[in-house]
Amino acid sequence: MGRGRAWRPRQGEGARLLRCAAVLPNEKGDLVVTTDEEKARLARQIRGTNINSTHIPAHYREHYLNQVTVEHRACTTRHGELPYDLINAAGTTRDGPADGAAAAAESAAGPRKSAGGPSESTAGRHESGADRYESTASPCKPVIVNMHGGGFVKGHQEQDTVISAWLAVETGCPVLDLDYALAPEHPYPVGLEQCIDLVGQVLETSEAILVGHSAGANFALGIVIDALAKGGAVPLAVVADYPPVDNETDPGEKPGIVTDVIPLDRMRAFNELYFTESTNRGEVLCSPINAENEQLSGFPPTLIITAQQDPLMQEGEQMALKLAQAGNEVTMRRFLHARHGFVTYFVGDEWPAAHELIIRFLRGILGRSAE
């Protein structure tokens, strides 16, 4: 967002979202929500509305949720506790088949304690926690870290648990379903740095695979860029669904922008709530598309999924190209009849093919890891 023209909310959903706040253009023409109270009010409205309707198929909810154990946990980060659900496919422990994953989950938990956490979405979900993440993976089973979407503003939802259960059952890997802190209460870089800290702890004892959706995909890419810059361990692989990788350019100025899925007003609101006035939105952890080849060299195998009817399609595909140009292994697929969020919201007819692609990619990575 930084160099856009002055604008006014158009009639429709976006205008309704913004009318409760004092919205003014600054000297650059950017959207400005003038007070913390107004930002909080706008965030509540966004959290109360959905662009996509979720229709979780009954067989997904029943088949996958009935085959997993779910433990509410939390780990300590530089920004307080990060709650997460530890999800294991029943019958898989570090020693192989058993009557469940309770023992492995309990070994990860540490002492039980209160874990309120900084995120609004954690209330009532996470009642126990750990000071640090402790591995529950078997030597040949990496840990999958799943990071939900929601424009950095909306929190963990039911479909995120279902997606994590699906990943656990189809791969046999333990899944950490993260519930990171949300903007505007916790603006950039709080949520990202929470995820960086947790993944760093995972990589101390286990291999890891990052799976991110929309905002979570931005985090997944940023986590690897940060690890490469620090010379630390990197994950085995990354799956990034429709990632927002250019948060510097005003949404209305992006080439080929599609606004009938996510209105411009909503996209601008997400940016305004996530970033502060002092944020350099062009830095690579905000906008991974700006990374140089040397910053991307050494990236793990990456799957990037884009959707034809998504305003983020072009930047996601440009990110895939940049990763490939830096000498990395990249798989990119555009789904021609899909829209933003289709993978986790089960929208349209192409999400099953996307799910099949993700599992095939992950199984390929796991096969290499076991060799």
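This is a predicted model: local features need pLDDT of at least 70, side-chain atom pairs count only at pLDDT 80 or more; totals for chains, interfaces and linings use all residues.
**Overall architecture**

The protein chain has 371 residues, 59% of which count as buried. Its secondary structure consists of 12 helices and 10 strands. Among contacts in the protein chain with a separation of 6 or more, 76% are made by residues 24 or more positions apart. The accessible surface amounts to about 14500 Å², and carbon and sulfur atoms contribute 49% of that area.

| Strand paired with β5 | Residues | Bridges | Sense |
|---|---|---|---|
| β7 | residues 208–213 | five bridges | parallel |
| β6 | residues 175–178 | four bridges | parallel |

Individual positions illustrate both pairings. Ile 144 stands opposite Ile 209 in β7, while Asn 146 has Asp 177 in β6 as its bridge partner. From β5 the chain passes through α5 to β6, and this β-α-β crossover is right-handed.

**Helix α5**

Because 11 of its 14 residues are buried, α5 is largely enclosed by the rest of the structure. The buried residues include Val 162, Ile 163, Trp 166 and Leu 167, and also Gln 159 and Asp 160. Just after the helix, Gly 172 adopts a positive phi of about 80°.

**Aromatic pairs**

The structure holds 13 aromatic pairs. The ring centres of Tyr 60 and Phe 346 are 5.3 Å apart and their planes lie at 75°, so this pair is edge-to-face. It links distant parts of the chain, since Tyr 60 belongs to helix α3 (residues 58–65) and Phe 346 to the loop between α11 (342–345) and α12 (351–370), 286 residues apart. Both Tyr 60 and Phe 346 are buried.

A second pair involves Phe 152 and Phe 219, whose ring centres are 5.6 Å apart with planes at 50°, so the pair is tilted. Phe 152 is located in the loop between β5 (143–147) and α5, and Phe 219 in helix α7 (residues 215–230), so the pair ties together parts that are 67 residues apart in sequence. Both Phe 152 and Phe 219 are buried. These two residues also belong to one aromatic cluster, together with Tyr 180, Tyr 188, Tyr 274 and Phe 275.

**An exposed glycine**

Gly 327 lies in the loop between α10 (313–325) and β10 (330–339). With a relative accessible area of 65%, Gly 327 is exposed, the cut-off for that class being over 50%.

Notes. Residues are numbered from 1 along each chain as its sequence is written. Side-chain values use heavy atoms; hydrogens and water are left out. Helices (H or I, at least four residues) and strands (E, at least two) are DSSP runs, numbered from the N terminus. Buried means under 20% relative accessible area, exposed over 50%, partly exposed in between (1.4 Å probe, protein chains only). Contact means heavy atoms within 4.5 Å. Accessible areas come from the Shrake-Rupley method with a 1.4 Å probe; for residues, only the protein chains shown count as cover. Rings of Phe, Tyr and Trp (its six-membered ring) pair if their centres lie within 6.5 Å; planes under 30 degrees apart count as stacked, over 60 as edge-to-face and the rest as tilted. Two strands pair if DSSP finds at least two bridges between them. A crossover is right-handed if, with the strands pointing away from the viewer, the path from the first strand over the helix to the second runs clockwise.
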